Amino acid sequence: MMRRTVFALLLVTVAIALTLTTAQGPFDQSSFAFQQYTGYFGTVFASPAPMLVAAEGTFLLTRPGKHGADVDQWGDGLVRLRGALIQSGRDRMLEIEPGSIRAASGPPRVPPPIEHIGNFHLTGEIADGKCYLGVMNTARGKVHRDCAVRCLSGGVPPMFLVRDAAGTLHTLLLTGMGRDVLDYVAEPVRLSGVLQRVGSQIVLKANPASLRRE
Amino acid sequence: MTAPLRRTHRVVWTVLALLLPLLLAASLAVRTDSTPINRELHLP
Amino acid sequence: MSVSYQAIFWNRQKKIYDVTIVAGVVLYLAAFAGVGALLHPDATAETLLIRGLGTLALLMLHIILAIGPVCRLDPRFLPLLYNRRHLGVAMFTITLSHGVFSLVQFHSGGDVNPLVSLLSSNQRIDSLTHFPFQQLGFFALIIFFLMAATSHDFWLHTLSPRVWKTLHMGVYIAYALVFAHVCLGALQSELSPILPAILALGLATITTLHLLAARKESAVDRMQLNAAAEGFLDAGAIDSISEKCARVVTLGSERVAIFRYDGKVSAVSNVCRHQNGPLGEGKIVDGCITCPWHGYQYIPETGASPPPFPEKVETYRTRVANGRVWIHPQAHPPGTRIEPAVIA
């Protein structure tokens, strides 16, 4: 009797594991080359967010942990650095290997071109760029809220996730906001601002006074 | 089980049987989509 | 029957119990994380492990909560009850792993202390959908810790059975907190209907089991004995009690076990002094009433444990007349010797 009961319990255990694991998701496509550092050469810019413009394209920059990168001292100059790639679709970020960033010489690169798209009132979700682009998955929504707050508080660039008219989810780099975003993370919120394309990155230069819970 | 313990269990399970299904229903009802469609946004 | 703080000794039954628990844990995590990684290649390993540990702990909690009522309904399941606290401690270990892993994943490596971050990052107590669900899990973890830390009989006696049992009734508060933690956490982000369905199924199962057990026990509670004579009550035909076994009757609000043995009848409180096990569901072994839960023994004529053990239960006067067993509802202080009634 006991043997049959225990066998049945173990069977139920596996069945529940399989059911629950199948039912989770969907997961957004993203990746993080954890601790696999590759060399990059290019120009760092502090605006609209710390970024590197290299031959391979544009990369947002961050440091290990829930911290943003501080590139003011390299001020629009050429550098070499080693970074681990964080990527989701066309959006890319590098986690800089500590101590690896060095000034370099050579012809300076021009800042990426800025293309004005328009003024918009948008409804979407504030997330942190580092986790969302690939360090964690799932990295949006209620369950990830506290982590996103911690990352944004540490200087990781904020993202605004919005769905366009066709239903496609876009990751907008969010600028112009202060620490008040922390209370609005992972919720549907309304923001107004100017949409721009900066290199391959779409940026929302938001008006902080327009932030509303939806 | 002693009588007081049986009584406590009856109360506990009556409360849980009423409260928890309400909580489950309420939490499903308040779920929101944080990325609804923005009709005026057209991006490639 | 030791209450001093000695190391736990594993007998064969405990070893089998514990090995089975470990097997279940390994199977669950392998299935959840392994199949999860195959089906969802973008999911990070930490996400799968945190979810695997959390869902496993909740499944274990449901099994633990089901054992009590299931054993009331069918005593053949009693072996599951004997070492239930092993399951409890194992469940706490899995819950702790889930909690620590989550704390490190979501709150560490940042600009504030992880515990401060846990308690302050989300202040949206004004909203149900945005409610700080992680704190609910944290408080449940504290309750489980207190229960696991006091799971040894040493604490039962040091704290006193009443205080210990009150503390351990906290499992129901913890269950409600974990239920809310899932409703206001995972269920706000995960949209598959299967998840709330399984949670509802778990709740329905343990609620139904408890209500069925309550209904069965209520029948015993509502039992009324007819008056016999001289203040005694009629407890039924002597032939309906098997040799070395008991009939359980309700007198007032408490239950009494009437044992038949060696041509005699004695009655004692049905409640074992150890952990309130049902003495009337046990048998007389080597001349002693033996509790079916953990084997505590009592001499039928006195209600006292054989020396050197100190436990004692109340005793009751009985008579056998015209093939019927009579019992006097007056409880005598624990350990009072009462001459057994002789079956003519």
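Chain C and chain A bury about 4200 Å² between them, and carbon and sulfur atoms give 63% of that. Buried area here is the accessible area (1.4 Å probe) that two parts lose on being put together, summed over both. This is a predicted model, in which local features need pLDDT of at least 70 and side-chain atom pairs count only at pLDDT 80 or more, while totals for chains, interfaces and linings use all residues. As for bookkeeping, residues are numbered from 1 along each chain as its sequence is written, chains are lettered from A and ligands numbered from 1 in the order in which they are written, and side-chain values use heavy atoms, with hydrogens and water left out.

One of the pairs is A:Glu187 with C:Arg124, whose closest N and O atoms sit 2.8 Å apart.

## Where chain C meets chain B

Over on chain B, 23 residues are in contact with 31 residues of chain C. The two chains bury about 2400 Å², 72% of it on carbon and sulfur atoms. C:Leu128, C:Met169 and C:Tyr172 supply 19% of the area that chain C buries against chain B, more than any other three residues.

Salt bridges turn up here too: the rule finds two between chain C and chain B. Among them is C:Asp221 with B:Arg10, at 3.9 Å between the closest N and O atoms.

## A look at C:Phe131

C:Phe131 sits in the loop between α5 (114-120) and α6 (133-149) of chain C. Helices are DSSP runs (H or I, at least four residues), as are strands (E, at least two), numbered from the N terminus. Because its relative accessibility is 21%, C:Phe131 counts as partly exposed; that class lies between buried (under 20% relative accessible area) and exposed (over 50%), using a 1.4 Å probe and protein chains only.

Setting aside neighbours within four places in sequence, C:Phe131 touches A:Lys142 from chain A, plus chain C residues including C:Arg124 and C:Leu184. That C:Arg124 is also the salt-bridge partner of A:Glu187.

## Chain C as a whole

Chain C has eleven helices and twelve strands. Of its 344 residues, 50% are buried.

How values were computed:
A salt bridge is a side-chain nitrogen of Lys or Arg within 4 Å of a carboxyl oxygen of Asp or Glu. Contact means heavy atoms within 4.5 Å.
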